[in-house]
Amino acid sequence: MSGTGRFRTFAWVGVIALGAGLAAYFARPAGRTALDVRRSSFRATPDGVAAFARGLERFGRPTAPRLTPLADADPVPGALALLSPAVVPSPAEVHALLERVRRGGTLVYAPELFPAISSTLRITPLMDSLGLAFRVPRPGDLDRPEWAAHSLTDGLPAPAAPRRALRPMTSRELGGDTRSAPPVQALLTVGSDDDRRWTSAGLMPLGEGRIIFLSDAEPLSNARVADDPLALVVMRAVLIHTTPADTIFFAEFHQGIRGYESTARRWAGFVFGTAQGRTLLQLLLAVLLALACAGLRFGAPTTAVAPSDLERRSPLEHVSALGDLYEKARARRTAALLLLARPARGARCPPPRDVAEARALIRELEARRGEQPALARIRRGLRADPVDLTMVAAGIDDHMGRRAES
């Protein structure tokens with residue numbers, strides 16, 4: 001393959017690779033734009049809680065993600081943040097978690113995000129164990145947010161109105177169960193009815209530990225953590241009920257995160273696990289196959305042979321036909337330059353490409369062998385208008401004959 005052909009092939013490969021990269025970028029999975037809501041410490045998008053986790057670290061509380069479930073895996077940590085989990089903890093996980101809290105653990109909990117469908121009661125296994133119920137708010141349920149009298153709420157500005165609230169479950173909602181729910185210390189209450197206010201944030205002692213609960217984890221999100229005073233209340237509660245030796249774990253498993261992924265693994269998941277990736281891969285393979293077939297030689301090259309019943313053209317006929325073509329094209333100057341390639345090779349000089357180089361060649365020959373009538377004849381033939389090919393050819397023959405004799 002010639003240099004030009006090799007360059008063209010590499011250029012096409014580069015263009016295809018660039019096009020594939022651009023197509024992969026524009027067709028990347030929608031999840032990378034964080035259109036879903038996940039209260040994950042990994043996320044720096046407005047819905048994540050990375051800023052809240054970094055804030056705890058600045059106050060001397062190390063944080064870490066937990067990528068395993070709360071049952072049949074690693075031991076449940078002493079301090080855990082379970083914020084609007086996308087994966088609802090199972091009853092076995094709830095039992096293990098609450099047992100750890102009773103032994104002196106701390107849990108920061110916000111219930112799952114439920115769709116706003118009328119005022120249907122929403123209860124999960126963990127909410128059922130804590131005796132808390134959640135309803136989509138009705139008009140007046142979220143009015144007049146007020147701080148409860150507590151040391152954690154001292155000196156704070158007026159609270160923002162929450163999007164949802166919690167309240168203790170009734171015995172009917174507990175299915176007639178007469179067990180007593182853990183006591184609740186309200187931190188933020190809402191509601192237009194003074195006799196039946198709802199709780200938006202509070203503390204729940206449980207054994208030797210405690211639960212810091214919120215009706216909604218949005219105040220801890222990156223978009224609001226710097227401006228919502230409720231985030232400061234939660235941070236105060238965490239700092240009071242943990243020690244610098246405690247690590248606060250964020251339940252990333254329940255945000256749908258199963259582990260760390262390398263860049264190669266994410267690309268493999270995109271290419272082989274999504275419709276856009278598979279389509280892109282097939283198009284890329286088809287283009288590469290077409291490029292390979294375009295540059296592939298099928299069989300050994302063979303020269304064309306004239307049929308045996310036809311006579312091959314003699315060299316003289318070939319030259320005569322070529323001369324006729326130049327004559328019809330009025331390319332006398334080109335023909336003269338081609339004729340001068342012979343004496344140029346004899347003098348080990350490059351063939352002339354224009355009349356100026358042809359005259360320079362004649363001067364070079366004269367400098368080597370002196371002035372000759374043959375070279376003067378070539379010069380006169382080139383000066384003629386049109387170029388006198390006969391005079392040029394005769395001068396070249398005379399010059400080459402003299403050179404052979406010497």
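**Close-up views of a predicted model**

**View 1. The largest cavity and its lining.** P159, A160, A161, P162, R163, L188, D216, E218, P219, R224, D228 and L230 line the largest cavity. Here a cavity is a set of points on a 1 Å grid over the protein atoms alone where a 1.4 Å probe fits but cannot get out, and lining residues have an atom within 4 Å of a point. That lining splits into seven nonpolar, no polar and five charged residues, counting Ala, Val, Leu, Ile, Met, Phe, Trp, Tyr, Cys and Pro as nonpolar, Asp, Glu, Lys and Arg as charged, and the others, Gly among them, as polar. The space inside comes to about 90 Å³, where a volume is what probe spheres set on the points fill, with grid points joined across faces, edges and corners. Across the structure there are three cavities of 30 Å³ or more. One housekeeping note for every view: this is a predicted model, where local features need pLDDT of at least 70 and side-chain atom pairs count only at pLDDT 80 or more, while totals for chains, interfaces and linings use all residues. Residues are numbered from 1 along each chain as its sequence is written, and side-chain values use heavy atoms, with hydrogens and water left out.

**View 2. S221 and its loop.** Look for S221 in the loop between strand 9 (209–214) and helix 5 (229–240); helices (H or I, at least four residues) and strands (E, at least two) are DSSP runs, numbered from the N terminus. S221 counts as buried because its relative accessibility is 2%, and buried means under 20% relative accessible area, exposed over 50% and partly exposed in between (1.4 Å probe, protein chains only). Its side chain reaches the backbone oxygen of E218 at 2.6 Å, and E218 is also one of the residues lining the largest cavity. Skipping residues up to four places away in sequence, S221 touches R39, P46, D47, G48 and V49, with contact meaning heavy atoms within 4.5 Å.

**View 3. S41 meets E252.** S41 sits in the loop between helix 1 (3–26) and helix 2 (50–58). With a relative accessibility of 9%, S41 also counts as buried. Its side chain makes a polar contact with the side chain of E252 at 2.4 Å; that term covers a pair of N or O atoms within 3.5 Å where, within protein, one must be able to donate a hydrogen and the other to accept it, and residues adjacent in sequence count only if both atoms are side-chain atoms. Beyond residues up to four places away in sequence, S41 touches V49, A50, A53, R54, F250 and E252.

**View 4. Helix 2 and an aromatic pair.** The buried residues of helix 2 are A50, F52, A53, G55 and L56, and they pack against strand 1 (63–66), helix 5 and strand 10. The count of aromatic pairs comes to one. F52 and F250 make that pair, edge-to-face at 6.4 Å centre to centre with 80° between the planes. F52 lies in helix 2 and F250 in strand 10 (residues 248–251), so the pair ties together parts that are 198 residues apart in sequence. For the cut-offs, rings of Phe, Tyr and Trp (its six-membered ring) pair if their centres lie within 6.5 Å, with planes under 30 degrees apart stacked, over 60 edge-to-face and the rest tilted.

**View 5. A374 in helix 12.** A374 is found in helix 12 (residues 373–383) and is buried, with a relative accessible area of 0%. The C-alpha atoms of A374 and D398 are 5.7 Å apart.

Note on methods
1 Å grid on protein atoms, 1.4 Å probe; cavity = no way out; pocket = protein on both sides within 12 Å on 5 of 7 lines; lining within 4 Å.
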